[in-house]
Amino acid sequence: MRVLIVSKACLVGIYQRKLEEIAGHHDVELLVVVPPSWRDERGVTPLERAHTTGYDLVVDPLVFNGSFHLHFYPHLGRRIHAFRPDLVHLDEEPYNLATFHGMLLTRRAGCRALWFTWQNLRRRYPPPFSLFERYCLRYADAAIAGSRTAALVWRAKGYAGPLAVIPQFGVDPHTFAPSARRESHCAFTVGFAGRLVAEKGADLLLSAAAGLDRLRVEILGSGPLRTDLESLAEELGLTGRIAFRGRLPSTRMPEFYAGLDALVLPSRSRPNWVE
């Protein structure tokens, strides 16, 4: 079977382990299309080549790079025509232009297609996104949801085809293995990794940490609230007990996690966001 995966998420080197596992099946020939980079509130995420054995990882430009809903791959039709896949996996939400565009191309080529979703809130979108969504729900041969709640959303929206619940990339237990026991004299270290935006709730972690003596905090990530969080840490008296680490290559994330006693996800739910 020839499989084509289109995924801006697969820019991230550590995520490419999934691709190697798929390519490891003797009956699969895999081609993966990624952009050269992706822009968001954290800045520019460039392509990492970390796990690329057994398949072809090709780079195609994006139109409207940085626009979650409107980006698309203008050369995707050529890739499909040249590779002639049996299945196209569009690693995007069904209401996005990239998914709609990909679905049109795959139907024209006569191959099967599926999309992936994390969307776990039942939201209504204005045109043209509602039209993209309707088309993708109607013509997808299958879909993958990252969580049970996401699957329930799309069933409620009327998607009746095959739907599997599979977290997008999973975890390699060999790479993300516990390290040797930390020295007892080390301060208890709590970490956060993610975008520094309001909905991720890093400020909640700082407020909680301020009331706990001998606790050290590691903040890994970037985003528009970096300066505000640094100011809050100073106001709370965390200077000397907190480190803002910026961003790390994905292949160094196991090292970061191994240096923590606890990882905290202090996400705050909002009408348009639930972690």
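Q: Hi! Which residues are linked with D172 in a network of salt bridges?
A: R17, E20 and E21 are linked with D172 in that network. A salt bridge here is a side-chain nitrogen of Lys or Arg within 4 Å of a carboxyl oxygen of Asp or Glu.

Q: What kind of model is this?
A: This is a predicted model, in which local features need pLDDT of at least 70 and side-chain atom pairs count only at pLDDT 80 or more, while totals for chains, interfaces and linings use all residues. Residues are numbered from 1 along each chain as its sequence is written, and side-chain values use heavy atoms, with hydrogens and water left out.

Q: Okay. How many salt bridges does a search of the whole structure find?
A: The search finds 16. In general, side chains of opposite charge can pair when their charged atoms come close.

Q: What does D203 meet in a salt bridge?
A: The side chain of D203 meets that of R268, at 2.9 Å from N to O. This pair links distant parts of the chain, 65 residues apart: D203 is in helix α6 (residues 202-209), and R268 is in the segment after β13 (262-263). Helices (H or I, at least four residues) and strands (E, at least two) are DSSP runs, numbered from the N terminus.

Q: Is D203 buried or partly exposed?
A: D203 is partly exposed, because its relative accessible area is 24%. R268 also counts as partly exposed, at 21%. Buried means under 20% relative accessible area, exposed means over 50%, and partly exposed is in between (1.4 Å probe, protein chains only).

Q: And which residue forms a salt bridge with E230?
A: That is R226, with the closest N and O atoms 2.7 Å apart. E230 and R226 both lie in helix α7 (residues 226-235), four residues apart, which is about one turn of the helix. E230 is partly exposed at 31%, and R226 is partly exposed at 26%.

Q: What about R216, which residue does its side chain meet?
A: R216 meets E218 in a salt bridge, 3.3 Å from N to O. R216 is partly exposed, with 28% relative accessible area, whereas E218 is buried, with 11%.

Q: New topic: in what order do the seven strands of the open sheet come?
A: The order is β5-β2-β1-β6-β7-β8-β9, and the pairing is parallel. The edge strands, β5 (56-59) and β9 (163-165), each pair on one side only. On average, neighbouring strands of this sheet are turned by 20° against each other, direction ignored. Two strands pair if DSSP finds at least two bridges between them.

Q: How many bridges join β2 to β5?
A: Four bridges join strand β2 (residues 29-34) to β5. One of the residues to look at is V32, whose bridge partner in β5 is L57.

Q: Which strands does helix α1 lie across?
A: Helix α1 (residues 16-23) lies across β1 (2-6), β2, β5 and β6 (87-90), running at about 160° to β2. Helix α5 (residues 148-156) lies across β7 (112-117), β8 (142-145) and β9, at about 160° to β9. The axes are lines fitted to C-alpha atoms, for helices over the stretch in contact, and angles run from 0 to 180 degrees between N-to-C directions. Contact means heavy atoms within 4.5 Å.

Q: How many residues does the largest nonpolar core have?
A: That core has 50 residues, and those with the most contacts inside it include V32 and W115. Another core, of 16 residues, lies apart from it, with V190, F192, I219 and L229 among them. A nonpolar core is a set of buried Ala, Val, Leu, Ile, Met, Phe, Trp, Tyr and Cys residues joined through side-chain atoms within 4.5 Å.

Q: Where does C136 lie?
A: C136 lies in helix α4 (residues 129-139) and is buried, at 0% relative accessible area. Not counting residues up to four places away in sequence, C136 touches P94, T99, F100, M103 and W115. C136 and M103 are 33 residues apart in sequence, yet 6.8 Å apart in space, C-alpha to C-alpha.
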